[in-house]
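Biologist: I would like to learn how to read salt bridges in a model. Can you take me through a case?

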Amino acid sequence: MINNKRVLIVTPAWNEAGAIYQVIRELRGELPGADVLVVDDGSSDDTARLAHAAGAAVAHLPYNLGVGGAMRLGYRYGRDHDFDVVIQLDADGQHDPRYVPKLVDAIDDADLVIGSRFADRDNDYRVRGPRRWAMRLLAAVISLIAHTRLTDTTSGFRAANRRTIELFAGWYPVEYLGDTVETLVYAARRGFRIRQVPVAMRARIAGAPSHSPIKSMIYLGRAFAILLLALIRR
């Protein structure tokens, strides 16, 4: 229990053997009242074994489906096991579990809460170039649809209440960025209340993100495509 709610933390993981053990041990230490489910997204390394050794329940996907496919399984698990809140938290260590109670508190006044990297001006997290342009465009359009100011619509640090768990257990996109952008558009159009709380990001425990100009431009193009798809779909 966290703040009198049954909380499930879902961590989608694909080949995260370098980080997953430390991430789960930190979760268990910081949030002993929460259940932790690692969705092994078709990993070819020791991700599943290390997650289990660290104290998490582990669900296995037979091949890599991406974050969307992994989270759909996580939401179904949350629905079937009657959790009040499902928290999505990355497996690379960038999301600080000390912010989880803050997301759980905010769910009292919302159906879906986003942990925003940009909501606090004192936060030193920065994104530049085409990637930042895409994030700003997405945030502006989805803020209009959701009737509230959102600054970080691609954040993968989120909390969902029972109503949203039920929605996402039955429908959840697997396309690139669909798990972030399209889910927000889909929920907002159905009258779900979406809010954000400021969070800080940390460096990855293992691996390194790619920020090459070419990949940033690809990201921008994909962001436009998924936004258009989200606005067309009903």
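**Reading the salt bridges**

Modeller: Start with Arg 204, which is partly exposed at 32% relative accessibility. Partly exposed lies between buried, under 20% relative accessible area, and exposed, over 50% (1.4 Å probe, protein chains only). This is a predicted model: local features need pLDDT of at least 70, side-chain atom pairs count only at pLDDT 80 or more, and totals for chains, interfaces and linings use all residues. Residues are numbered from 1 along each chain as its sequence is written, and side-chain values use heavy atoms, leaving out hydrogens and water.

Biologist: Which side chain meets Arg 204 in a salt bridge?

Modeller: A salt bridge puts a side-chain nitrogen of Lys or Arg within 4 Å of a carboxyl oxygen of Asp or Glu. Here the partner is Asp 92, at 3.7 Å, N to O. Asp 92 sits in the loop between β4 (85–88) and α4, Arg 204 in the loop between β7 and α8, 112 residues apart. Helices (H or I, at least four residues) and strands (E, at least two) are DSSP runs, numbered from the N terminus. Asp 92 is buried, at 6%.

Biologist: How many salt bridges does a search of the whole structure find?

Modeller: Twelve. One of them joins Asp 108 to Lys 5, with the closest N and O atoms 2.7 Å apart. Asp 108 lies in the loop between α4 (100–106) and β5 (112–116) and Lys 5 in the segment before β1 (7–13), so the pair ties together parts 103 residues apart in sequence. Lys 5 is buried at 16% relative accessibility, while Asp 108 is partly exposed at 46%.

Biologist: Which residues are linked in a network of salt bridges?

Modeller: Glu 26, Asp 96, Arg 98 and Arg 202.
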